[in-house]
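I opened my notebook to look up a few things in this structure. Here are my entries, in the order I made them.

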Amino acid sequence: MRLRRSPRQCPRPDGGPAYLADSKRVNANSDDGAKFGKPDNIRPLVSISFAPVGLTLDQTARLNLVNMDVANGITVSWRFIDAKGAILAQSSTTLGDRNIVSVDFKRHSDPLPLKSPVQLRAEVQLQLDILTYGVPSESLRRSLEIFNNNTGETTVYMGGGGS
């Protein structure tokens, strides 16, 4: 009997993922962000979690990524999750060599504020997955910053990866 290996077990020789859903670049808050996030059938090869941060209604969380040295590109998927683990926004893209991408997540107030109280500060966490085979986390320089929407002042900065 001959065993068939699934595509997940057979990485492509060019270093790309075995198969990939649409990697349309979208705003993390848009409806398309939820549609084009990490598909369930692709397992991350490297997962990176940032520490949770508090985010108020007048703040934005910005993820910045740069491909440091992978000529064929790095496919990444990210998601902002709340304290209960619910996905608030998600998306994915492929970064070419030395390419930079930034994505913003802005909290929105409750559309029906009289029905339920709006939480002034909500805990959010960013999870980032590298989906390209053979790419170490050091090849993807990343940072998360929280800034005030009115003044532009950065109040939180977390960096990592790269050299």
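**Entry: Val-101**

I started with Val-101, which sits in strand 6. The model is a predicted one, so I kept that in mind while reading positions from it. Is Val-101 buried or exposed? I found a relative accessible area of 6% for Val-101, and because buried means under 20%, Val-101 counts as buried. I then looked up its distance to Leu-63: the two C-alpha atoms are 8.2 Å apart in space, while the residues are 38 apart in sequence.

**Entry: the whole chain**

I stepped back to view the chain. It holds one helix and nine strands. Reading along the sequence, I wrote down the pattern α-β-β-β-β-β-β-β-β-β. Of the 163 residues, 41% count as buried. I also noted the accessible surface, about 9600 Å², with 50% of it belonging to carbon and sulfur atoms. How many of the contacts between residues at least 6 apart in sequence join residues at least 24 apart? The answer I wrote down is 70%.

**Entry: strand 4 and its partners**

Next I turned to strand 4, residues 74-82. Eight of its nine residues are buried, so I noted strand 4 as mostly covered. Which strands does it join? I found strand 5, residues 87-95, joined to strand 4 by eight bridges, and the two run antiparallel. Strand 7 is joined to strand 4 by seven bridges, again antiparallel.

I looked at the turn between strand 4 and strand 5 as well. The two strands form a hairpin with four residues between them. Gly-85 in that turn has a positive phi of about 90 degrees.

I also wrote down who stands across from whom. Arg-79 is opposite Gln-90 in strand 5, and Ser-77 is opposite Asp-129 in strand 7.

**Entry: salt bridges**

A reminder to myself: side chains of opposite charge can pair when their charged atoms come close. How many salt bridges are there? I counted two.

One of them joins Arg-79 and Asp-129, at 2.9 Å from N to O. Arg-79 belongs to strand 4 and Asp-129 to strand 7 (residues 121-130), so this pair ties together parts that are 50 residues apart in sequence. Are these two residues buried or exposed? Arg-79 is buried, with a relative accessible area of 13%. Asp-129 is buried too, at 1% relative accessibility.

Arg-62 and Asp-104 make a salt bridge as well, with their closest N and O atoms 2.6 Å apart. Arg-62 is in strand 3 (residues 59-67) and Asp-104 is in strand 6 (residues 100-106), so the pair ties together parts 42 residues apart in sequence. I checked the cover here too: Arg-62 is partly exposed at 27% relative accessibility, and Asp-104 is partly exposed at 21%.

**Entry: an aromatic pair**

How many aromatic pairs are there? I found one. Phe-80 and Phe-105 form this pair, and it is stacked, with 5.1 Å from centre to centre and 20 degrees between the planes. The pair links distant parts of the chain, as Phe-80 is in strand 4 and Phe-105 is in strand 6, 25 residues apart. Both Phe-80 and Phe-105 are buried.

**Entry: Ser-139**

My last stop was a loop residue. Where is Ser-139? I located Ser-139 in the loop between strand 7 and strand 8. Despite being in a loop, Ser-139 counts as buried, at 6% relative accessibility. I then asked which residues Ser-139 is in contact with, leaving aside neighbours within four places in sequence. My list reads Val-66, Asn-67, Met-68, Asp-69, Val-70 and Ile-74.

Conventions. Residues are numbered from 1 along each chain as its sequence is written. This is a predicted model: local features need pLDDT of at least 70, side-chain atom pairs count only at pLDDT 80 or more; totals for chains, interfaces and linings use all residues. Side-chain values use heavy atoms; hydrogens and water are left out. A salt bridge is a side-chain nitrogen of Lys or Arg within 4 Å of a carboxyl oxygen of Asp or Glu. Buried means under 20% relative accessible area, exposed over 50%, partly exposed in between (1.4 Å probe, protein chains only). Two strands pair if DSSP finds at least two bridges between them. Rings of Phe, Tyr and Trp (its six-membered ring) pair if their centres lie within 6.5 Å; planes under 30 degrees apart count as stacked, over 60 as edge-to-face and the rest as tilted. Contact means heavy atoms within 4.5 Å. Accessible areas come from the Shrake-Rupley method with a 1.4 Å probe; for residues, only the protein chains shown count as cover.
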